[in-house]
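The structure comes first, then the terms and the findings.

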Amino acid sequence: MHEGVAAYVLGVLDEEELEEFERHLDTCARCQAELQDMAEIPSRLDELKHLPSAAEDDPPMSMSR
Amino acid sequence: MCPVLGHLAGKLESTDAEAEHRIAVLYQEFGGPLLRHVRKSTGNDLQWAEDVVQETIVRAWRHSARLQWEPSLIWAWLLTVARRIVIDGRRRKSVRPHEVEPPEVDMLAVPDGSERALSAMVVADALRSLSEEHREVIEQTYLRDRTINEAAEILGIPPGTVKSRLYYGIRALRVLLRDKGVAG
Ligand SMILES: [Zn+2]
């Protein structure tokens with residue numbers, strides 16, 4: 001359950017899991033601490049969109065065709 | 001302010017007035033910083049950012065128990081709630097093609113272009129330093145606006161594995177960025 005905190009911070013849980021995780025968060029000090037620790041990460045990732053050649057057009061190396 | 005008394009007073013007298021007051025206090029404490037933060041992810045669309053802040057504040061007010069948390073935790077939670085509202089909004093917009101945002105909105109953003117590009121390169125470097133497995137799940141979820149379940153289907157691995165890799169990947173990324181002085 002604790003591992004859901006990263007997905008929660010990034011906003012990639014579906015609606016049902018999101019509600020479930022928030023209930024967990026209410027009583028879990030560990031996840032509360034990690035939420036604070038990770039909260040700024042998405043903004044850092046958003047900075048990638050400001051790179052001159054946005055990586056969005058070319059598929060990542062990991063993607064097989 | 002005593003929340004218990006406030007709550008009782010609200011019940012006995014005017015619930016609406018008490019609610020209004022609480023929302024006003026939330027706006028006062030978090031509204032400004034939250035709006036500045038949200039504007040970065042709405043491509044400087046001010047109207048949209050204001051709507052997101054409003055919805056975030058109302059949601060916070062509905063979960064008033066969380067407002068007893070310490071302010072730095074409340075702030076982290078508000079950022080997370082606001083981000084989710086932005087993401088949901090973007091998903092809704094993208095299913096209505098005629099409302100697609102002009103792609104150059106970012107040009108109007110804060111004019112420190114070179115500094116931003118530099119910071120972006122640091123993040124790109126950090127991402128490249130991650131293991132293949134960790135980088136892959138960050139790319140296939142957040143960076144492509146996909147949920148855990150959608151990414152799991154594309155990657156052909158169980159959702160629980162995606163969630164777990166994302167957790168360790170984000171932790172590793174956090175350490176890398178902290179070492180480079182990018183994440184506070
Ligand atoms: Zn937990």
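Ala, Val, Leu, Ile, Met, Phe, Trp, Tyr, Cys and Pro count as nonpolar, Asp, Glu, Lys and Arg as charged, and the others, Gly among them, as polar. The model is predicted: local features need pLDDT of at least 70, side-chain atom pairs count only at pLDDT 80 or more, and totals for chains, interfaces and linings use all residues. Residues are numbered from 1 along each chain as its sequence is written, chains are lettered from A in the order in which they are written, and side-chain values use heavy atoms, without hydrogens and water.

**Cavities**
- A cavity is a set of points, on a 1 Å grid over the protein atoms alone, where a 1.4 Å probe fits but cannot get out; lining residues have an atom within 4 Å of a point.
- Two cavities of 30 Å³ or more are counted.
- The largest cavity has a volume of about 40 Å³, volume being the space filled by probe spheres set on the points, which are joined across faces, edges and corners.
- His37(B), Val38(B), Ser41(B), Leu79(B), Ala82(B) and Arg83(B) line the largest cavity; by class these are three nonpolar, two polar and one charged.
- Helices H2 (15-41) and H4 (71-94) of chain B each supply at least two residues of that lining; helices are DSSP runs (H or I, at least four residues), numbered from the N terminus.

**Packing of H6(B) and H7(B)**
- Helix H6 (residues 132-140) and helix H7 (residues 148-155) of chain B pack at about 125°, with axes 9 Å apart.
- Glu136(B), Val137(B) and Gln140(B) of H6(B) meet Ala151(B), Ile154(B) and Leu155(B) of H7(B), contact meaning heavy atoms within 4.5 Å.
- The residues of this contact are four nonpolar, one polar and one charged.

Key:
1 Å grid on protein atoms, 1.4 Å probe; cavity = no way out; pocket = protein on both sides within 12 Å on 5 of 7 lines; lining within 4 Å. Axes fitted to C-alpha atoms, helices over the stretch in contact; angles between N-to-C directions.
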